[in-house]
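Okay, thanks for making time this morning. Let me put the chain up on the screen, and then I'll walk you through it.

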Amino acid sequence: MNSNGASSSATDGVRDSNPPKRNSKRPKYSKFTQQELPACKPILTPAIVITTFALIGIIFIPIGLASLSASERVVEIVDRYDLDCIPEQLRNDQLAFIQSSQTNKTCTRSVIVPRYMKSPVFIYYELDNFYQNHRRYVKSRSDKQLRSKASEQDTSTCAPESISSDGSPIVPCGLIAWSLFNDTYSFSFNNEVLMVNKKNIAWGSDKSHKFGRDVYPKNFQSGQLIGGATLNASIPLSEQEDLIVWMRTAALPTFRKLYGRIEEDLQPNQKITVVIENNYNTYSFGGKKKLVLSTTSWIGGKNDFLGVAYLTVGGLCLFLALVFILLYLFKPRTMGDPSYLSWNRNAAGYAD
């Protein structure tokens with residue numbers, strides 16, 4: 001009895017001397033978690049600051065000048081035609097003109113080449129006040145349906161252009177495809193046609209991975225309300241490059257999209273005749289339409305912003321470098337002793 005009691009007391013004593021461990025939230029020690037890895041801790045002396053600003057200015061200013069020069073060499077012709085391509089007597093009711101199937105939408109324009117334009121000359125259409133980035137518009141498409149014939153029925157995200165009146169799926173479905181741009185352009189000079197090459201105007205990755213070779217248009221633009229261009233039902237979507245270009249939605253309400261290329265040099269003062277089929281309805285939302293002919297340079301199309309940005313930053317840095325030089329010369333400050341910095345001291349608190 002006593003031996004059992006003693007044994008029990010001894011066991012209780014052992015239990016009391018080993019209390020249960022608590023879960024600790026302390027992370028496992030490492031130099032990474034404790035931020036003790038070797039690091040570069042520069043001391044921003046006047047010499048370093050002035051040198052840095054001066055180097056940025058010296059590098060950025062030539063880049064800005066080169067960018068502006070390249071942009072200046074780009075030749076660009078911009079012709080707004082949405083108003084001029086409506087007959088005088090119908091300009092008070094633009095919506096009735098564009099929606100009527102009885103009105104003649106053919107419009108002939110002339111543009112003068114201001115400078116020599118080396119081929120290829122890129123043809124763009126530009127739309128203004130068209131919000132392709134609207135949330136409901138951007139979501140109104142089915143990427144699965146565009147990629148594979150097996151997903152033809154996948155139209156759940158395409159409302160209101162998802163199915164036809166008889167319940168069959170629309171291919172391609174959605175508002176983006178439904179509103180496909182359908183103005184057309186043809187060009188001539190001295191009664192000789194300038195051929196427009198519409199091959200390879202879309203991204204190769206889009207043609208290969210986003211639009212299937214076994215997917216063909218079906219029930220497209222078959223409803224009562226026609227949004228834009230029609231598609232050839234015998235050509236797979238991967239080869240319908242106008243559609244592929246249009247389906248890559250723009251981020252801003254004013255945008256350009258590639259229509260084609262003229263593979264001939266255009267000479268200065270050449271008068272190009274353009275025949276336009278003015279079909280696309282921008283009048284209902286106060287939009288504008290422009291035809292753009294442009295060459296390119298190593299920075300792309302005509303765009304002064306990049307050069308101006310480089311020049312602005314470079315000039316500002318040179319100005320700050322000059323200001324700091326003057327301050328350092330006329331109002332110098334005594335530098336502290338870097339040996340007192342924490343990372344230059346040993347564990348005992350003394351300088352090494």
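So, how much accessible surface does the chain have, and what share of it belongs to carbon and sulfur atoms? The total is about 22500 Å², and 56% of that belongs to carbon and sulfur atoms. Those areas come from the Shrake-Rupley method with a 1.4 Å probe, and for residues only the protein chains shown count as cover.

Quick housekeeping. This is a predicted model, so local features need pLDDT of at least 70 and side-chain atom pairs count only at pLDDT 80 or more, while totals for chains, interfaces and linings use all residues. Residues are numbered from 1 along each chain as its sequence is written, and side-chain values use heavy atoms, with hydrogens and water left out.

Now the overall picture. We've got nine helices and nine strands; these are DSSP runs numbered from the N terminus, with helices being H or I of at least four residues and strands E of at least two. Of the 352 residues, 31% count as buried, where buried means under 20% relative accessible area, exposed is over 50%, and partly exposed is in between, with a 1.4 Å probe and protein chains only. Contacts here are heavy atoms within 4.5 Å. Take those between residues at least 6 apart in sequence, and 79% of them join residues at least 24 apart.

On to the strands. There's an open sheet of four, in the order E2-E8-E4-E5, with antiparallel pairing; two strands pair if DSSP finds at least two bridges between them. E2 (106-112) and E5 (192-194) are the edge strands with a single partner each, so one side of each has no neighbour in the sheet. Inside that sheet, E4 (184-189) and E8 (271-277) are antiparallel over five bridges, and Ser186 sits opposite Val275 in E8.

Then look at E3, residues 121-128. Six of its eight residues are buried, so the rest of the structure largely encloses it. E3 pairs with E7 (255-262), antiparallel, over seven bridges, with Glu126 opposite Arg256. E3 also pairs with E9 (288-294), again antiparallel over seven bridges, and there Tyr125 faces Leu291.

How many disulfides does a search of the whole structure find? Two, counting any pair of cysteine sulfur atoms within 2.5 Å. One is Cys85 with Cys107, sulfurs 2.1 Å apart. Cys85 is in the loop between E1 (76-80) and H3 (94-99) and Cys107 is in E2, so the bond ties together parts 22 residues apart in sequence. That link is left-handed, at -70° about the S-S bond. Cys85 is buried at 5% relative accessibility, and Cys107 is buried at 8%.

The other joins Cys158 to Cys173, S to S 1.9 Å. Both of those cysteines sit in the loop between H5 (143-147) and H6 (175-178), 15 residues apart, and both are buried. In sequence order, the bonded cysteines pair 1-2, 3-4. Separately, Cys317 is buried too, with a relative accessible area of 8%.

Last bit. The unreviewed UniProt entry lists "transmembrane region" for 43-65 and 308-330; those positions are in the numbering used here, feature names are shortened, and annotations may be inferred rather than shown by experiment. In the model, 43-65 is 87% helix and 0% strand, with end C-alpha atoms 33 Å apart. For 308-330 it's 100% helix and 0% strand, with the end C-alpha atoms 33 Å apart.
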